[in-house]
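Biologist: I would like to go through this model label by label. Please show it first.

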Amino acid sequence: MLFDTHAHMDDHAFDEDRQALLESFPSQGIALLMNPGCSLETSRHAVEEARQYDYIYAAVGSHPDAALEVDDQVLETYRQLCRENPKVRAIGEIGLDYHYEDVPRALQQKAFRAQLALAQELDLPVIIHDREAHEDCLRILEDFPQVRGVFHCYSGSAEMARQLTAKGWYVGFTGVLTFKNARKALEAAAVVPIDRIVLETDCPYMSPEPFRGKRNDPGRIYRMAETLAQVRGLSVEEIEKITLENGKRLYRIP
Ligand code: NI
């Protein structure tokens with residue numbers, strides 16, 4: 001059984017068959033699923049889903065693309081959603097995206113800091129989106145020394161992964177692991193301590209090979225487990241067991 005630690009089931013790509021998919025997870029070998037929010041609207045959706053299905057958990061937060069919506073009122077709504085719903089287990093996904101840079105960097109950083117402060121206040125882990133912004137991300141995190149969580153869709157170097165995991169962070173690997181040009185992700189997956197790795201689909205994006213370019217869904221998480229098993233010289237069963245435990249530890253799920 002696997003834990004998809006990052007799946008956007010609220011995405012419109014699932015509007016036609018969402019319910020059937022959500023109900024199919026146990027029969028597809030998916031034990032648990034974390035649906036992170038990307039905005040106030042999608043965070044509410046994630047919380048609602050987590051209330052309906054035992055095996056689904058939620059995170060609330062505004063992605064860097066939605067950084068402009070982050071004000072005191074939105075933060076207060078996130079605070080209430082966390083307090084009122086025990087299945088909200090993290091703040092995320094939050095961070096910096098300098099690849100698309102839909103929002104000016106300074107405003108992304110402001111929203112990132114405000115949400116890190118909320119995670120610190122509520123003692124919740126964070127789900128970090130860091131795209132081509134490693135330096136600023138690490139610099140800002142230094143100001144929140146108690147905050148830990150996961151670097152989702154990990155895209156940094158093996159060395160950076162080693163440093164992060166030594167400090168107690170987790171790294172999340174997506175279908176990128178299976179891509180033919182995935183050298184960097186594979187290098188990181190090969191060296192980080194095995195108890196710091198979580199698997200994720202990031203669906204509907206990042207579909208693994210041989211489904212690259214198609215809509216992704218949580219049922220494809222097994223491809224990441226197979227690839228990681230090869231990289232680490234372990235059986236798929238061992239990888240399933242280890243990464244499931246890691247995800248539970250990360251999100252504090254008993
Ligand atoms: Ni995501």
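Biologist: What makes the arrangement of the donor atoms around the nickel ion irregular?

Modeller: The 4 donor atoms subtend angles of 83 to 173 degrees, so the arrangement is irregular. Four donors are tetrahedral if all angles lie between 85 and 135 degrees; four are square planar and six octahedral if opposite donors are over 155 degrees apart and all others between 65 and 115; anything else is irregular.

Biologist: What kind of model is this, and how are its residues numbered?

Modeller: It is a predicted model, in which local features need pLDDT of at least 70, side-chain atom pairs count only at pLDDT 80 or more, and totals for chains, interfaces and linings use all residues. Residues are numbered from 1 along each chain as its sequence is written, and side-chain values use heavy atoms, with hydrogens and water left out.

Biologist: Which residues coordinate the nickel ion, and through which atoms?

Modeller: His-6 and His-8 each use NE2, Glu-93 uses OE and Asp-202 uses OD. The distances are 2.0 to 2.6 Å. Donors are N, O and S atoms within 2.8 Å of the metal (3.2 Å for Na, K and Ca); water is not among the atoms, so sites may look incomplete.

Biologist: How are the donor residues spaced in sequence?

Modeller: The pattern is H-x1-H-x84-E-x108-D. His-6 and Glu-93 link distant parts of the chain, 87 residues apart. His-6 is in the loop between β1 (2-4) and α1 (18-24), and Glu-93 is in strand β4 (residues 88-97). Helices (H or I, at least four residues) and strands (E, at least two) are DSSP runs, numbered from the N terminus.

Biologist: Are His-6 and Glu-93 buried or exposed?

Modeller: His-6 is buried, and so is Glu-93. Buried means under 20% relative accessible area, exposed over 50%, and partly exposed in between (1.4 Å probe, protein chains only).

Biologist: Why is Ala-90 called buried?

Modeller: Its relative accessible area is 0%, so Ala-90 is buried. Ala-90 also lies in strand β4. Beyond residues up to four places away in sequence, Ala-90 touches Ala-58, Ala-59, Val-60, Leu-124, Pro-125, Ile-127 and Tyr-251. Contact means heavy atoms within 4.5 Å.

Biologist: How do you know that Asn-35 is buried?

Modeller: Asn-35 has 0% relative accessibility, so it counts as buried. Asn-35 is in strand β2 (residues 30-36). Its contacts, leaving aside neighbours within four places in sequence, include His-8, Asp-10, Glu-49 and Tyr-57.

Biologist: What makes Ile-56 count as buried?

Modeller: Ile-56 is at 0% relative accessibility, so the label is buried. Ile-56 belongs to strand β3 (residues 56-60). Among its contacts outside four places in sequence are Leu-22, Phe-25, Leu-33 and Lys-87.

Biologist: Why does Gln-73 count as exposed?

Modeller: Its relative accessibility is 62%, so Gln-73 is exposed. Gln-73 is found in helix α3 (residues 72-84). Gln-73 and Pro-254 are 32 Å apart in space, C-alpha to C-alpha, and 181 residues apart in sequence.

Biologist: What is the phi of Cys-153, and what is the phi of Arg-252?

Modeller: Cys-153 has phi near 45 degrees, a positive value in a residue other than glycine. For Arg-252, phi is near 55 degrees, again positive in a residue other than glycine. Most residues other than glycine have a negative phi, and most peptide bonds are trans.

Biologist: How do you class the accessibility of Cys-153 and of Arg-252?

Modeller: Cys-153 is at 17%, so Cys-153 counts as buried. Arg-252 has a relative accessible area of 45%, so Arg-252 is partly exposed. Cys-153 is in the loop between β6 (149-151) and α6 (158-166). Arg-252 is in the segment after α9.

Biologist: Why is α8 called roughly perpendicular to α9?

Modeller: Helix α8 (residues 221-232) and helix α9 (residues 236-250) pack at an angle of about 110 degrees, with their axes 8 Å apart. That makes α8 roughly perpendicular to α9. Angles under 35 degrees count as roughly parallel, over 145 as roughly antiparallel, 65 to 115 as roughly perpendicular and the rest as oblique. Axes are lines fitted to C-alpha atoms, for helices over the stretch in contact, and angles run from 0 to 180 degrees between N-to-C directions.
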